[in-house]
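I opened this entry to record what I looked up, one item at a time.

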Amino acid sequence: MIGGLLQSTLDYLAWSPPGWGATLVVALVKSILIALGAFGLGLGIGTLGAYGKLYGGPVARDLLAIYTTIVRAVPELILILILYFAFTSSVNNLLLAWGYERIQISGFVAGIVVLGVVQGAYATEVLRGAILSVPPGQIEAARAMGMPPLMLAWRVTLPQMLAAAIPGLANLWLIATKDTALLAVVGYAELTLVTRQAASTSKAYFTFFLAAGAMYLAISVLSTLLFGRIEAWARRGQVRPGGS
Amino acid sequence: MQGFWAPRRIVMAGIGLAIVLWCVLALNWSWLANPKYQGLLLQGVWTTVWILVVTMVLGMALAIPLGLAQAAGPWWLATPARLFCGLIRGTPLLLQLWLLYYGLGSLFPSIPWIRGSDLWPILRQAWPYAVLALSLSVAGYEGEVMRGAFKGVPHGQLEAAKAMGMPRLTIFRRIWLPQAIRRVLPTLGGETVLQMKATPLVATITVVDIYAVSSRIRQDTFVVYEPLLLLAVVYMAIAGVIVFLFRWLESRVPVKTA
């Protein structure tokens, strides 16, 4: 009984076509790439947003507050649907207005943009808190020495806020990997959707969903370890409270 | 109010009002007049709200023992609790939902005594799986939060209660649990909003919540954006109510400010 179960599981997950192994791994790679893209885009938006919220003019602050409030109050699924349609149609409208042909935007790019916008709102808050943790005296000192703002950010603020930002960013990365599953609902063939296709074709629901779960879990365990390393690296040279 | 209504805010409010007016006038809202859709929308909102409330309550009821087991339990309780929280937090909710719905849903019909039982008419529907998956999800995330909350209660108080000869259950009921709950209260509102944002996933397993209703309207009428906008507004309103309720709840709990 157990031997037979193991054999059929191995058959289902085999690498070559009767098995679904290769298809699942390709879908997993797609999921990871989208998560990476969205996380990167979110970091970019978040850095700009955090600086805007802290040092921007009153209008910029209000607009950013509206952005983060909306994104945090509306379910990702609905934002994905709205942005998915709005993003593709507005890109096409722009292209038509400039006299180009309309293009088909791949689910891959749309997924990255949509999840990136969502991630950006959360990253704004994480990075804002981290920037606030940098001792203000150092920033003032750098300003007093006439350091240009970009150099100040690059040499003083960003390296020091990194340590405080890493735990929040690690959390955001895990959310990004899990949010890629939402693209299954708009029909993009990432890991969760491919898993469901494999499961409903073969009727081996538990096998495939548990296998996909193990893949997601592996990502989360590996990233937790990796972020631990990065945090230790970002905190190098910091005096630990109570330590020698 | 003087500070809030600075000139730029008045301009921004004007622009916002103009956008809302444009949305109301220029977009196609004729489907809202259809009484069939009105009824469906109300039912959808009701489904979303009761699923949110029921799963939060069930999930928190599970999260308290999970947190306690991790904070103070023996290893044979702490390890499974930690594994459970890791499993729930490490995999997408959509996957968990589909695993339960399609997996259990295909397993149950093949077991005769489940098919024959009185529960079968309920288990054939989709909502028990939605409630189960969402409750387990709350339990996993909040179990971790409760662990921190239980650990954060000052140890001296528990020792003092023990020294006074208070029974363990009474210590838990009177000292440990109330203070742990008070610690999580500020985060609980945010967590409830997060849970609300997870509820539309149940539409993927045929539960007819507000999201499913709007999808159906979009399919029936070929109106693309308007039902989505309405949906966003409805969710923002629910989020607003949640934040307001928790703020009120927090104001009722006395907090010693240092």
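How many helices and how many strands does the secondary structure of chain A come to? I count 9 helices and 0 strands for chain A, where helices (H or I, at least four residues) and strands (E, at least two) are DSSP runs numbered from the N terminus. Before going on I noted that this is a predicted model, in which local features need pLDDT of at least 70 and side-chain atom pairs count only at pLDDT 80 or more, while totals for chains, interfaces and linings use all residues. I also noted that residues are numbered from 1 along each chain as its sequence is written, and that chains are lettered from A and ligands numbered from 1 in the order in which they are written.

**Chain A overall.** Read along the sequence, the pattern of chain A is α-α-α-α-α-α-α-α-α, and its C-alpha atoms fill a box of roughly 75 × 60 × 30 Å along the principal axes. Of its 244 residues, 37% count as buried; a residue is buried if 20 or more other C-beta atoms lie within 10 Å of its own, exposed if 12 or fewer, and partly exposed in between, with C-beta atoms placed from the backbone. I then looked at contacts, meaning C-beta atoms, placed from the backbone, within 7 Å: among those in chain A with a separation of 6 or more, 75% join residues 24 or more positions apart.

**Interface.** I found 30 residues of chain A in contact with 26 residues of chain B. Helix 3 (58-73), helix 4 (76-97), helix 8 (191-202) and helix 9 (205-234) of chain A each give two or more residues to the side that touches chain B, and the largest share, 9 residues, comes from helix 9. By class, this side of chain A has 22 nonpolar, 3 polar and 5 charged residues, with Ala, Val, Leu, Ile, Met, Phe, Trp, Tyr, Cys and Pro counted as nonpolar, Asp, Glu, Lys and Arg as charged, and the others, Gly among them, as polar.

Helix 4 of chain A and helix 11 (residues 226-252) of chain B pack at about 150°, with their axes 10 Å apart; axes are lines fitted to C-alpha atoms, for helices over the stretch in contact, and angles run from 0 to 180 degrees between N-to-C directions. The two helices are therefore roughly antiparallel, a term for angles over 145 degrees. Ile78(A), Leu81(A) and Ile82(A) meet Leu228(B), Leu231(B), Ala232(B) and Tyr235(B) there, and the residues of this contact divide into 7 nonpolar, no polar and no charged.

**Core.** Which residues have the most contacts inside the largest nonpolar core? They are Leu172(A), Ala212(A) and Leu94(B), in a core of 113 residues, a nonpolar core being a set of buried Ala, Val, Leu, Ile, Met, Phe, Trp, Tyr and Cys residues joined through C-beta atoms within 7 Å. Helix 5 (residues 107-132) of chain A gives the most to this core, with 12 residues. Leaving aside neighbours within four places in sequence, Ala212(A) is in contact with Leu24(A), Leu191(A), Thr192(A), Thr195(A) and Leu95(B).

Definitions and conventions:
Two residues are in contact if their C-beta atoms, placed from the backbone, lie within 7 Å. Angles under 35 degrees count as roughly parallel, over 145 as roughly antiparallel, 65 to 115 as roughly perpendicular and the rest as oblique.
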